[in-house]
Amino acid sequence: MTSSFEESLVGDVMSTEVLTVAAEETTLMAWELMRQGGYHHVPVVSTDGHCIGVLDAETMAAAWDGGGPDRMRMPVSTVVGHRLMPQVGVSDSVAAAARAMLAAQLDFVAVTDGEDRLVGLITARDLVAAVAGRRHRPTPGHLGRPTLYRIEPVLPSRYAEGGAAPRGPRAPR
């Protein structure tokens, strides 16, 4: 590694467009979002934007007790937060981020602002891309906040309150 790379800033290398989930989201929903979207790291954020922890396949596997899908309806906040989660700032050096990953034995570090709110992630993949000379290009109009994808099931109001959903085509009257 050259000294110029080691002096690079986290803000030049980090991923800012990440999938985040709210602390009250279910582990089942988070797993489906990770699996369907191909995400390896999904930060769990509180309502005020603080990162509670980061879900990855290892964390999800450790939380799964082998039961059916109904057993995985616990909030993701109960799954994360049981291990040290390193954090760095946007203006910290890439070398500091790499040291934090090594110390925590993780392949990611949460990137936070001055008020400890999540603004992105820096992963081992981001570091490898930077070493290879591939820097992230900011998305035009991107405000530096993590991108939040939230999927909510929507049912017509008459079914939401316990009414039975129609089955099959209706017979003509």
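Leaving aside neighbours within four places in sequence, Asp-56 is in contact with Met-34, His-40, His-41, Arg-83 and Phe-108, where contact means heavy atoms within 4.5 Å. The model is a predicted one, in which local features need pLDDT of at least 70 and side-chain atom pairs count only at pLDDT 80 or more, while totals for chains, interfaces and linings use all residues. Residues are numbered from 1 along each chain as its sequence is written, and side-chain values use heavy atoms, with hydrogens and water left out.

- Asp-56 lies in the loop between S3 and helix H4 (57–63), with helices (H or I, at least four residues) and strands (E, at least two) taken as DSSP runs numbered from the N terminus.
- Asp-56 is buried, with a relative accessible area of 8%; buried means under 20% relative accessible area, exposed over 50%, and partly exposed in between (1.4 Å probe, protein chains only).
- The side chain of Asp-56 makes a polar contact with the side chain of Thr-59 at 2.6 Å; a polar contact is a pair of N or O atoms within 3.5 Å, and within protein one must be able to donate a hydrogen and the other to accept it, while residues adjacent in sequence count only if both atoms are side-chain atoms.

**Overall make-up**
- The protein has seven helices and six strands, and from the N terminus on its elements run α-α-β-α-β-β-α-β-α-β-β-α-α.
- Buried residues make up 35% of the 173 residues in the protein.

**Strands and their pairing**
- Three strands form an open sheet in the order S1-S2-S3, with mixed pairing; two strands pair if DSSP finds at least two bridges between them.
- Strand S1 (21–22) and strand S3 (51–55) stand at the edges, each with a single partner strand, so one side of each is left without a neighbour in the sheet.
- Strand S2 (residues 42–45) pairs with S3 in the antiparallel sense over four bridges, and Val-44 stands opposite Gly-53 in S3.
- S5 and S6 also pair in the antiparallel sense, over five bridges, with Thr-112 opposite Leu-118 in S6.
- The hairpin of S5 and S6 has five residues between the strands, and in this hairpin Asp-116 takes a positive phi near 60°.

**Nonpolar cores**
- A nonpolar core is a set of buried Ala, Val, Leu, Ile, Met, Phe, Trp, Tyr and Cys residues joined through side-chain atoms within 4.5 Å; of the 14 residues in the largest one, Val-10, Val-88, Val-111 and Ile-122 touch the most other members.
- Helix H2 (10–13), helix H5 (94–104), strand S5 (108–112), strand S6 (118–123) and helix H6 (124–131) each supply at least two residues of this core, and H5 gives the most, with four residues.
- A second, separate core of 13 residues includes Ala-23, Met-34, Leu-55 and Met-60.
- In H5, Val-94, Ala-95, Ala-97, Ala-100 and Met-101 are buried, while six of the six residues of S6 are buried.

**Confidence in the model**
- The protein averages a pLDDT of 77, and 71% of the residues score at least 70; pLDDT is the predictor's confidence in each residue, from 0 to 100.
- Confidence is lowest in helix H7 (residues 157–160), at a mean of 54, and highest in strand S4 (residues 87–89), at 94.
- Over residues 138–146 pLDDT stays under 50.
- Where pLDDT is low, the predicted coordinates should not be read in detail.
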